[in-house]
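Please keep the sequence and the structure at hand while reading.

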Amino acid sequence: MSKTTTDTELPPAPDDDAAAERLSSAPVESEGPTGIGVLGWARWMWRQLTSMRVALILLFLLSLAAIPGSLIPQNGQNQFKVQTWKAQHTTVAPIYEKLQLFDVYSSVWFSAIYILLFVSLAGCIIPRTWQFVGVLRSQPPAAPRNLTRMPVHAVWRTGAAPEQVNAAAHRLLRKRGFRANLSGDSVAAEKGYLREVGNLLFHLSLFALLGGFAWASLASGTGGKLMVEGQGYSNTITQLDDFTGTRFYGNQDLDPFYLKLDDFTSKFQNTGDQMGAARQFTANVEYYEGSDESKMKKGTIEVNHPLEIGGSKVYLIGHGYAPVITVKNGKGDVVYHDVVPFLPQDANLTSTGVVKVSDYGAGPDGNRTQLGFSGFFLPTAPLSFAGTGPISLFPGDAAPELVLNAFSGDLGTDSGLPQNIYQLNTSKLTQLQQDGQPAKALLKPGQGWTLPDGYGTVTFEGYKQWASFNVSHRPGNEIALTGAVLAILGLIGSLFIQRRRIWVRAVALPGGGTQVELAGLARSESAKIAEELAELAVDLQDDAPASEEDDPVAPDEPVAPEEPGAPEEPGAPDDPAVPEDPAAEDPTAPADQNSKE
């Protein structure tokens with residue numbers, strides 16, 4: 001016997017997962033396009049790169065990649081800090097070097113991120129701008145059929161002619177800054193285009209910000225210079241302590257000028273909970289541009305207040321003390337006299353430094369030798385070093401003292417190899433002995449020390465202050481700053497300006513008179529559209545005053561004569577079960593073909 005399937009039989013239940021996929025409106029996730037060829041893959045990758053999601057990811061990665069540049073000293077900002085950091089972290093320094101963490105902003109990986117972001121923004125801005133131009137060239141969308149079903153609307157009857165009402169509405173809307181179009185029996189108006197302008201301005205400003213940053217990376221250079229009070233230098237590669245150039249800015253492009261440090265003023269808080277906190281760092285300088293010394297000017301450089309000379313800015317980045325030391329040999333001849341900068345090691349300016357006497361001459365044994373001294377400068381020395389060692393108690397020079405250790409032998413300065421002037425290589429040196437102990441001395445300003453074994457004397461003459469400067473040439477800073485300001489303005493516009501539409505329709509009624517309908521729609525929920533519509537309705541009363549007749553009836557819902565005892569039709573307009581007209585959701589959607597209108 002054959003089996004017959006009737007209409008009442010249900011088909012086999014589909015798989016739940018398959019049914020869920022058919023019912024879901026979410027895009028189907030896939031690893032990528034398949035079977036579309038090289039051109040299809042390229043188009044898919046371009047769409048991914050220019051999507052908002054990828055742009056936000058790249059922007060997040062760019063901000064994340066900038067963190068090491070803020071935490072780790074950079075070669076382009078302070079070469080000395082980089083060398084000090086490497087000396088203190090010998091284990092990870094080679095790894096950081098390979099990862100380009102000391103040159104973050106010019107590294108390959110950082111450049112790759114902002115170039116991709118650059119391309120992504122360009123791919124997003126160009127089509128969006130073209131689309132916006134098309135919107136500006138087109139007329140506002142025509143009025144929907146059922147204005148009374150819009151979220152904000154107003155209706156009244158008037159004795160004025162429809163043409164007069166529409167013309168008055170068109171005039172009032174244009175006066176309020178709306179872009180209005182009078183067509184047929186209705187007026188369509190739109191306002192708030194600056195919202196999209198702000199959006200585009202924000203994206204273009206990011207483009208300018210990245211462009212300024214890229215230009216600065218390609219055409220900028222920085223140099224460092226440490227000067228003691230009374231010293232000066234010409235801005236040339238031979239007189240800079242360090243210099244980092246770029247592809248389009250080398251040592252031959254340095255701005256010509258002369259700079260001299262007259263004096264340096266430093267003040268620290270000496271009471272309260274913030275004792276020792278810096279209160280003033282001021283470098284008083286003299287400078288002139290070019291080679292004309294007669295154009296000498298005076299200026300001041302403070303923290304975050306650089307001095308601009310030509311196309312370069314001179315920043316104050318460091319400060320310390322420089323003891324004045326005199327060394328005499330056993331015959332009493334002065335073999336060394338100089339100001340020696342000591343480098344701070346802590347917040348209280350406990351400073352370390354070395355003195356290299358390479359021209360000492362013959363030692364007590366008649367053989368040629370050299371002397372080296374290493375030690376500490378303490379701006380405010382404690383009464384005793386017991387348990388703490390040489391350490392300063394305060395960054396100000398309240399009780400300055402100099403601690404020195406003496407060595408003799410070969411400094412290695414005659415080998416021709418470069419040396420760090422702030423470090424002493426003791427591999428070929430022997431520390432002098434005094435009373436069976438390593439020779440050392442604690443000196444106050446003006447005091448001297450007689451070296452053991454007839455090596456002469458060392459005198460701590462006094463001290464001066466030094467300041468280190470960063471000479472920076474960055475041509476893209478102004479563009480980046482302008483881009484940042486415009487980005488903020490564009491963001492404000494895109495957030496606070498509302499795009500909104502207003503429609504006005506005036507139609508003649510069969511029984512005489514005119515019915516006026518106003519409706520408004522905003523892209524975001526706001527009371528502003530209701531306020532504007534109410535103000536427009538009030539102003540329109542001058543040309544289309546409301547008549548004192550029965551309440552108006554929308555033309556799409558005419559009233560049929562009631563029959564006695566006729567039951568209420570289930571599809572009546574007041575029935576809450578009747579779905580809303582699609583035109584209420586989208587004003588540009590066509591009206592229902594079965595409408596009574």
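This is a predicted model: local features need pLDDT of at least 70, side-chain atom pairs count only at pLDDT 80 or more; totals for chains, interfaces and linings use all residues.

Phenylalanine 110, by contrast, is buried, its relative accessible area being 4%. The structure holds 20 aromatic pairs, and in one of them the ring centres of tryptophan 109 and phenylalanine 110 lie 6.4 Å apart with an angle of 80° between the planes, so that this pair is edge-to-face. These two residues also belong to a cluster, in which ring pairs link Tyr105, Trp109, Phe110 and Tyr114.

A charged group over a ring is found as well: lysine 86 lies over the face of phenylalanine 102, at a distance of 4.9 Å from the ring centre.

## A stacked tyrosine pair between two strands

Tyrosine 258 and tyrosine 288 form an aromatic pair of the stacked kind, with 5.3 Å from centre to centre and 25° between the planes. Since tyrosine 258 lies in strand β7 (residues 257-268) and tyrosine 288 in strand β8 (residues 278-289), the pair ties together parts that are 30 residues apart in sequence.

Are the two tyrosines buried or exposed, or does either fall in between? Tyrosine 258, at 22% relative accessibility, counts as partly exposed, because the range for buried residues ends under 20%. Tyrosine 288 has a relative accessibility of 12% and counts as buried.

## The chain as a whole

The chain contains 12 helices and 24 strands, and 39% of its 597 residues count as buried. Of the contacts in the chain between residues at least 6 apart in sequence, 64% join residues at least 24 apart. The accessible surface of the chain amounts to about 34,500 Å², and 55% of this surface belongs to carbon and sulfur atoms.

## Cavities

How many cavities of 30 Å³ or more does the chain hold? The count comes to two, and the largest cavity has a volume of about 50 Å³. Its lining is made up of Gly221, Thr222, Gly223, Asn235, Leu240, Phe243, Tyr249, Leu254, Asp255, Ser312, Val471 and His473.

Two or more residues of this lining come from each of the elements β4 (221-228) and β22 (457-473). Strand β4 gives the most to the lining of the largest cavity, with three residues.

## Residues in loops

The position of aspartate 435 is in the loop between β18 (433-434) and β19 (437-438), where the residue is exposed, with a relative accessible area of 77%.

Asparagine 367 is found in the loop between β14 (351-362) and β15 (368-378). With a relative accessible area of 49%, asparagine 367 is partly exposed, because a residue counts as exposed if the value is over 50%. When residues up to four places away in sequence are not counted, asparagine 367 touches Gly361 and Ala362.

Technical notes
Residues are numbered from 1 along each chain as its sequence is written. Side-chain values use heavy atoms; hydrogens and water are left out. Rings of Phe, Tyr and Trp (its six-membered ring) pair if their centres lie within 6.5 Å; planes under 30 degrees apart count as stacked, over 60 as edge-to-face and the rest as tilted. Buried means under 20% relative accessible area, exposed over 50%, partly exposed in between (1.4 Å probe, protein chains only). Helices (H or I, at least four residues) and strands (E, at least two) are DSSP runs, numbered from the N terminus. A charge sits over a ring if NZ of Lys or CZ of Arg is within 6 Å of the ring centre and within 35 degrees of the ring normal. Contact means heavy atoms within 4.5 Å. Accessible areas come from the Shrake-Rupley method with a 1.4 Å probe; for residues, only the protein chains shown count as cover. On a 1 Å grid over the protein atoms alone, a cavity is a set of points where a 1.4 Å probe fits but cannot get out, and a pocket is an open set with protein on both sides within 12 Å along at least five of seven lines; lining residues have an atom within 4 Å of a point. Grid points are joined across faces, edges and corners, and a volume is the space filled by probe spheres set on the points.
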